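Dear colleague,

Please find below the structure that I am handing over to you.

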Amino acid sequence: MATVQADSKIAIVGSGLIGQFWAMIFAGAGFKVTIFDIYPEQISKALESIKATLLKYESQGCLRGTLSAAKQAALVTGSNELQQCLDGASYVQECVPESVDLKRKVFEQMDPFITEEMVVATSSSCICVSQFADNLRHKHRTLVAHPVNPPYFIPLVEIVPGPWTLPDVTATCRALMELVGQTPVTLSREVAGFALNRIQYAIINECWNMYKANLLSAEDIDRVMTDGLGPRYAFIGPLETMHLNADGIVDYCKRYAQGAYNVCTTFEPPPVLYDVPTAEKILSEVEETIPLDKVVERRAWRDENLAALAALKRNRKDKTD
Ligand SMILES: NC(=O)c1ccc[n+]([C@@H]2O[C@H](COP(=O)([O-])OP(=O)(O)OC[C@H]3O[C@@H](n4cnc5c(N)ncnc54)[C@H](O)[C@@H]3O)[C@@H](O)[C@H]2O)c1
């Protein structure tokens, strides 16, 4: 398997929210990073924002890696030229807005500068490479590497190869994600919603249906996750939960599968449309604690808590390794 060497250059195409996070993650692991954007003024803004955010993380004690924030920021440079951005890069992470047409356009623009040594990943949340890379000369070097917001504190990356992606490209991407401190999972093939959103939508579907059936308030539904399933799932997944909640997963199935099956027969069939009238009802409840003008503040609070959880998980992993 080819590997991305620690002194390699990483190219980031699109320097908005996710592009900036990727730049900080790669710089945290000591990589040189070049960011490109269609708007030159956005590149300057992104470089400033990356520096300020790294300094903030350093002061909060949640900076990644061993280099100082200043040294990490110095590893990130900008380029107004797509070719210059990709030139000499081992790995490209595309981070332009979520649109099939735009991804197609940007990948076609990148294609002449892609080499047989590069891995070219899209950050796309739900667009598969088969939807836009079919005409590329280097389509076998493309795949999805989908991060979760905020990727600096939520390490999961879903790696989704297209039908033509070389196995070596998928393996190299996975190894790189591990090297920079992310937690990759690899799907064997493309599927709508990848894994995370398929699970997430299954959860939201049931929350939506319970709310519409007047079973619980919006606050109590969220509490089922934050003070019930969520804390457990931060450490063990649903399958390990089955394994631990009985004498192994087979015993769990023998004891509980029929009961679970019976509950599931009472579920509304999917799909569930998250309708605006219900959303407005939920909003009227949620607004009592989080009015719309406090959403930005609440996002920062969420990120601080996720940073603390990430640090806790890191410390506990160090103890158990
Ligand atoms: N925001 C999230 O929570 C999140 C999470 C996971 C994945 N993603 C995915 O990451 C990708 C980027 O999302 P984002 O939230 O960072 O978007 P964003 O709007 O914050 O940033 C997109 C950037 O791309 C630039 N851009 C637009 N057209 C371009 C072009 N032709 N060439 C180069 N740059 C161009 C824009 O100027 C902007 O700076 C999307 O595919 C999105 O689905 C987003």
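Helices (H or I, at least four residues) and strands (E, at least two) are DSSP runs, numbered from the N terminus. This is a predicted model, in which local features need pLDDT of at least 70, side-chain atom pairs count only at pLDDT 80 or more, and totals for chains, interfaces and linings use all residues. Residues are numbered from 1 along each chain as its sequence is written.

The ligand is surrounded by 23 residues, of which Gly14, Gly16, Ile18, Glu98 and Asn149 are the closest. Two or more residues of this shell are given by each of α1 (17-28), α5 (100-110) and β6 (142-147). The largest share, three residues, comes from α1. Sorted by class, the shell holds eleven nonpolar, ten polar and two charged residues. Here Ala, Val, Leu, Ile, Met, Phe, Trp, Tyr, Cys and Pro count as nonpolar, Asp, Glu, Lys and Arg as charged, and the others, Gly among them, as polar.

Helix α5

Which residues of α5 are buried? They are Lys103, Val106, Phe107 and Met110. These residues lie on the same side of α5, because they cover an arc of only 100 degrees around the axis (the arc is that of the directions from the helix axis to the C-beta atoms). A residue is called buried if 20 or more other C-beta atoms lie within 10 Å of its own, exposed if 12 or fewer, and partly exposed in between, with C-beta atoms placed from the backbone. The buried residues of α5 pack against β1 (9-13), α4 (82-86), β4 (89-94), β5 (119-122) and β6, where contact requires C-beta atoms, placed from the backbone, to lie within 7 Å.

Domains

The protein is divided into domain 1 (9-186) and domain 2 (196-289), with bounds that come from an automatic or database domain assignment. Taken over C-alpha atoms, the centres of domain 1 and domain 2 are separated by 33 Å. An unreviewed UniProt entry places the feature "domain: 3-hydroxyacyl-CoA dehydrogenase NAD binding" at residues 9-187; UniProt annotations may be inferred rather than shown by experiment. The span 9-187 is 39% helix and 22% strand. The UniProt annotation "domain: 3-hydroxyacyl-CoA dehydrogenase C-terminal" (unreviewed entry) covers residues 193-261, a span that is 77% helix and 0% strand.

Backbone geometry

Most residues other than glycine have a negative phi, and most peptide bonds are trans.

- Asparagine 149 and proline 150 are joined by a cis peptide bond with omega about -10 degrees; proline 150 lies in the loop between β6 and β7 (156-161).
- The bond from proline 270 to proline 271 is also cis, with omega near 0 degrees, and proline 271 sits in the loop between α10 (249-264) and α11 (276-289).
- Phenylalanine 194 has a positive phi, near 50 degrees, and is found in the loop between β8 (183-186) and α7. Phenylalanine 194 counts as buried because it has 20 C-beta neighbours inside 10 Å.
- Asparagine 214 has a positive phi of about 65 degrees and lies in the loop between α7 and α8 (218-233). Asparagine 214 counts as exposed, since 7 C-beta neighbours lie inside 10 Å.

With kind regards

Methods:
A residue is near a molecule or strand if its C-beta atom, placed from the backbone, lies within 6 Å of it. Two residues are in contact if their C-beta atoms, placed from the backbone, lie within 7 Å.
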